[in-house]
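Subject: Structure handover

Hello,

Here is the structure I said I would pass on. My notes on strand pairing, helix packing and overall dimensions follow it.

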Amino acid sequence: MQAIGFKTSLPISEADSFIQFEKETPVPKGYELLVKIQAVSINPVDYKIRQNSLKDKISDNPKIIGWDAVGVVEAVGENATLFKKGDNVFYAGDITKDGSYQEFQLVDERIVGFSPKNIPIEASAAMPLTSLTAFELLFDRMQLSAEKDNGKSILIIGGAGGVGSVATQIAKNILGLKVIATASRENSIEWCKKMGADFVVNHKNLLQEMKSIGYETVDFIVDFVDLNQYWNAMVELIKPQGKIGSISDPTEPVNLRQLKSKSVSFHWELMFTRSMFQTNDMVQQHRILNQISKWLDDGILQSTLTTTLQGFSVENFKNAHTQLESGTTIGKLVIKY
């Protein structure tokens, strides 16, 4: 089978930043599924790992990345019970294993869901990683619910990004929250509104912008951009006994003591935690993806797909990484095999 990977971390403009190569098709064992991949989406984690994981060294075997895929089950391991050959599936995968930039992939069935039936393959491929991240942060980490939180307010920092786009939809359509998203460019502002944001504010002047729409404070804040950059504003904007969640990677420590007087709780989210540590509740990702699939089929959520590239090729993966590294993409970019 064919795969695309890299042996060392290079700028995407370099000829060998990605290489295509042949490898043996693996055989599933235990809880594994062998999936024939039909489409993948590209996430910021992809280019960050390409840029940093093999710095100043050359690997004998090319590293295969990619953490979003839709495909068909070709074979199952001896312990697999959730799926059978021929099932249509989607998943984000496991960051400690080979990724989805290949024709076939092994993935643990406990982190796989049945893919949506009513939307195109490429629209489905755009959704697993961002949906799992948004769902886990809002429900599993921050413990929000429509029953107790309907009508409360949430500030989503980074509303036009992949995770922000899904978090906006879940917050609005499932939880019934008043959603304030941040964006600054005209097209990203319109995108946030399309995703369901009640208000869109410019993150470059956050405190003043929030006051201008009548919000001195909010019940919840989620950060999908840069915790360091917005920390002081978040401390000021969060209500007493509120909740803050983040997926970003701060380069400097943040002072949690600033939250003490308000008794505010802070929540980290990493979508790969369950698979990395083989947690007892790992199968929760199977359940979450099935729920996301149903919401997509029922029209409660819409796919965040904006761009599709056709064909499994080095050129397409380099093109996709170039676009994401520009920092100006909206929604999700998918490569259909």
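**Strand pairing**

Strand S4 (residues 69-76) and strand S5 (residues 88-91) run antiparallel and are joined by four bridges. Helices (H or I, at least four residues) and strands (E, at least two) are DSSP runs, numbered from the N terminus, and two strands pair if DSSP finds at least two bridges between them. In this pairing Ala 69 is opposite Tyr 91 of S5. S5 also pairs with strand S7 (residues 112-114), again in the antiparallel sense, over three bridges. There, Val 89 has Phe 114 of S7 as its bridge partner.

Before going further: this is a predicted model, in which local features need pLDDT of at least 70 and side-chain atom pairs count only at pLDDT 80 or more, while totals for chains, interfaces and linings use all residues. Residues are numbered from 1 along each chain as its sequence is written, and side-chain values use heavy atoms, with hydrogens and water left out.

**The six-stranded sheet**

Six strands form an open sheet with parallel pairing, in the order S10-S9-S8-S11-S12-S13. Strand S10 (199-201) and strand S13 (265-268) are the edge strands, each pairing on one side only. Direction ignored, neighbouring strands of this sheet are turned by 20 degrees against each other on average. Within the sheet, strand S8 (residues 153-157) and strand S11 (residues 218-223) are paired in the parallel sense over four bridges, and Ile 156 is opposite Val 222 of S11.

Two helices lie across these strands. Helix H5 (residues 162-174) lies across S8 and strand S9 (178-182), at about 170 degrees to S8. Helix H8 (residues 227-237) lies across S8, S11, strand S12 (238-246) and S13, at about 160 degrees to S12. Axes are lines fitted to C-alpha atoms, for helices over the stretch in contact, and angles run from 0 to 180 degrees between N-to-C directions; contact means heavy atoms within 4.5 Å.

**Helix packing**

Helix H3 (residues 128-141) packs on H5 at an angle of about 50 degrees, with the axes 8 Å apart. H3 and H5 are therefore oblique to each other (angles under 35 degrees count as roughly parallel, over 145 as roughly antiparallel, 65 to 115 as roughly perpendicular and the rest as oblique). The contact includes Phe 135, Leu 138 and Phe 139 of H3 and Val 166, Ile 170 and Ile 174 of H5. By class, ten of its residues are nonpolar, four are polar and none is charged (Ala, Val, Leu, Ile, Met, Phe, Trp, Tyr, Cys and Pro count as nonpolar, Asp, Glu, Lys and Arg as charged, and the others, Gly among them, as polar).

H5 also packs with helix H6 (residues 186-195), at about 35 degrees and with the axes 8 Å apart. Here Ser 165, Thr 168 and Gln 169 of H5 meet Trp 191, Cys 192 and Met 195 of H6. This contact of H5 with H6 has three nonpolar, three polar and no charged residues.

H3 and helix H10 (residues 284-297) pack at about 110 degrees, with their axes 10 Å apart. That makes H3 roughly perpendicular to H10. The contact of H3 with H10 has eight nonpolar, four polar and two charged residues.

**Overall**

The protein has eleven helices and 15 strands. Its radius of gyration is 20 Å, close to the 20 Å that the globule rule gives for 337 residues, so the protein is as compact as a globular protein of that length (the radius is taken over C-alpha atoms, and the rule is 2.2 Å times the number of residues to the power 0.38). Along the principal axes, the C-alpha atoms fill a box of roughly 60 × 45 × 35 Å.

Regards
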